[in-house]
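Here is a guided walk through one protein chain, with the cut-offs given along the way. Please keep the viewer open as you read.

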Amino acid sequence: SRQPQHQKLHGHIHSAVLDAVADGLIKQDFCMHAELGGHVGKSAQLKYLDADDMQKLIDEVSKNIRLTSTSKSMIYTGLMTGMRVGEVSALTWSDINWDNETITINKSWDYAYGTGFKPAKTESSNRTITVTPALLNHLRRLHALQMSARLNNPLKLVFLNSRCRVPNPGACDLLLKKYHTELGIKRISFHGLRHTHASYLLYKGVKMEYISKRLGHSNTSITRNVYAHLIKEDQKAEQNLTRKVMDELSN
């Protein structure tokens, strides 16, 4: 049967609350114990791509760079950096250090009121992160296309498209919906790219302290709370490894 409208609304709110917890805007999920009538819907959870789906998406969004689809380049950047959509949108060419292979995040983009740049979400959101040569080459190609097209770009925005606009989150989410259908990957939002990035780093054994700083969280407890389910999976693997290495001492 169809999910009742009030439960569907609760699901949307709950997802937003989970993202707010993830970014440290609020301390706890106040939707957790809400009691609703009607049929029980699916529990809200952080949505992210597994490693295979992540690779499929990277293969798709890293190629065919065009000024008519800078939202694709935004998705690639979000996936490879864990940056928030507002941070990606506000990137300027001076934020990229080509020699040191870093991106500096020091502002966000005001979608709500259309005023342009606004300060980073929190003090800890101001950060410099390392990025891959592949992403830098992608952005270098995008810059060359901008220069060739002689776009009117007084703010020096990285993701300005051929219509001299930065795609909004809705446009990026529509493209992700298209990839969900075409590539057979999980349906996620742009914020899910951030969770995918962090989850992949955890999966590969990157330390929590570094991931927390890379995401711009104010402390590691926020990161631990958001990705607690992954940490539990990791702890089971570590328990098995510990048992194995200790067994070797007994033989």
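Strand 2 (residues 102-105) is joined to strand 5 by four bridges, and the two run antiparallel. Across this pairing, T102 stands opposite T130 in strand 5. Two strands pair here if DSSP finds at least two bridges between them, while helices (H or I, at least four residues) and strands (E, at least two) are DSSP runs, numbered from the N terminus. This is a predicted model: local features need pLDDT of at least 70 and side-chain atom pairs count only at pLDDT 80 or more, whereas totals for chains, interfaces and linings use all residues. Residues are numbered from 1 along each chain as its sequence is written, and side-chain values use heavy atoms, with hydrogens and water left out.

Three strands make up an open sheet in the order 1-2-5, with antiparallel pairing. Strand 1 (96-97) and strand 5 (127-130) are at the edges with a single partner strand each, so one side of each has no neighbour in the sheet.

A separate stop is the hairpin of strand 3 and strand 4. Four bridges join strand 3 (residues 107-110) to strand 4 (residues 116-119), and these strands run antiparallel. D110 has G116 in strand 4 as its bridge partner. Five residues lie between the strands of this hairpin, where G114 takes a positive phi near 65 degrees.

Which residues that are not glycine also deserve a look at their backbone angles? N64 has a positive phi of about 50 degrees although it is not a glycine, and N64 sits in the loop between helix 2 and helix 3. K156, again not a glycine, has a positive phi of about 60 degrees; its place is the loop between helix 5 and helix 6.

Let us turn to the helices. In helix 2 (residues 51-61), the buried residues are D53, M54, L57, I58, E60 and V61. Buried means under 20% relative accessible area, exposed means over 50%, and partly exposed is in between (1.4 Å probe, protein chains only). Looking down the axis of helix 2, you find its buried residues within an arc of 165 degrees, so they line one face of the helix; the arc is that of the directions from the helix axis to the C-beta atoms. Their cover includes helix 3 (70-81), helix 5 (133-149), helix 6 (169-183) and helix 7 (190-203).

Helix 3 also holds T70, which counts as buried at 1% relative accessibility. Beyond its neighbours within four places in sequence, T70 is in contact with L142, F159, L160, N161 and P167, where contact means heavy atoms within 4.5 Å. T70 and L142 are 72 residues apart in sequence, yet their C-alpha atoms are 8.5 Å apart in space.

For a contrast, visit helix 10 (residues 228-250), where V245 is found. V245 is partly exposed, with a relative accessible area of 36%.

Finally, step back to the whole chain. It has 10 helices and five strands, and 43% of its 251 residues count as buried. Among contacts in the chain with a separation of 6 or more, 63% come from residues 24 or more positions apart. The chain exposes about 14,500 Å², of which carbon and sulfur atoms supply 52%; accessible areas come from the Shrake-Rupley method with a 1.4 Å probe, and for residues only the protein chains shown count as cover.
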